[in-house]
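Me: Please take one part of this model and go through it closely. Start from a single residue, then widen the view.

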Amino acid sequence: MIENQKIRPAKVIGPLGEPLTLDTLPPAETTRWVVRRKAEVVAAVNGGLITVDDVCMRYNLSAEEFAGWQRAVDRSGMPGLRVTRIQHYKTLYERQQRKY
């Protein structure tokens, strides 16, 4: 039945304002995850272009690793995805949480 099928968009808006499609996502064999690539994958999932399960299978990621990317984007935007700044943003977020 058609009403039971998930309808996915053909494209979503990426983190830099560009259109993202399944064909423009990082290649499945990506091993070097720069901030932009991580943000594109998170935007694709958030926009409904691809599911978390598909992302984890396609890129050989654990659900926890991808969830960490999503949390980083939610908390600090693209800069939060920088590996060299993870501890800085984590500490900053924890301080903000204590204030409330």
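Reply: A39 lies in helix α1, residues 35-46. (Helices are DSSP runs of H or I, at least four residues, and strands are runs of E, at least two, numbered from the N terminus.) This is a predicted model, where local features need pLDDT of at least 70, side-chain atom pairs need 80 or more, and totals for chains, interfaces and linings use all residues. Residues are numbered from 1 along each chain as its sequence is written, and side-chain values use heavy atoms, without hydrogens or water.

A39 counts as buried because its relative accessibility is 4%. (Buried is under 20% relative accessible area, exposed over 50%, partly exposed in between, with a 1.4 Å probe and protein chains only.) Beyond its neighbours within four places in sequence, A39 contacts P15, M78 and L81; contact means heavy atoms within 4.5 Å. M78 is 39 residues from A39 in sequence, yet their C-alpha atoms are 6.4 Å apart.

Now take helix α3, residues 63-76. Just past α3, G77 has a positive phi of about 70°.

Now the whole protein. The order along the sequence is β-β-α-α-α-α. Of the 100 residues, 27% are buried. Among contacts between residues at least 6 apart in sequence, 53% join residues at least 24 apart.

Methods:
Expected span 1.5 Å × (residues − 1).
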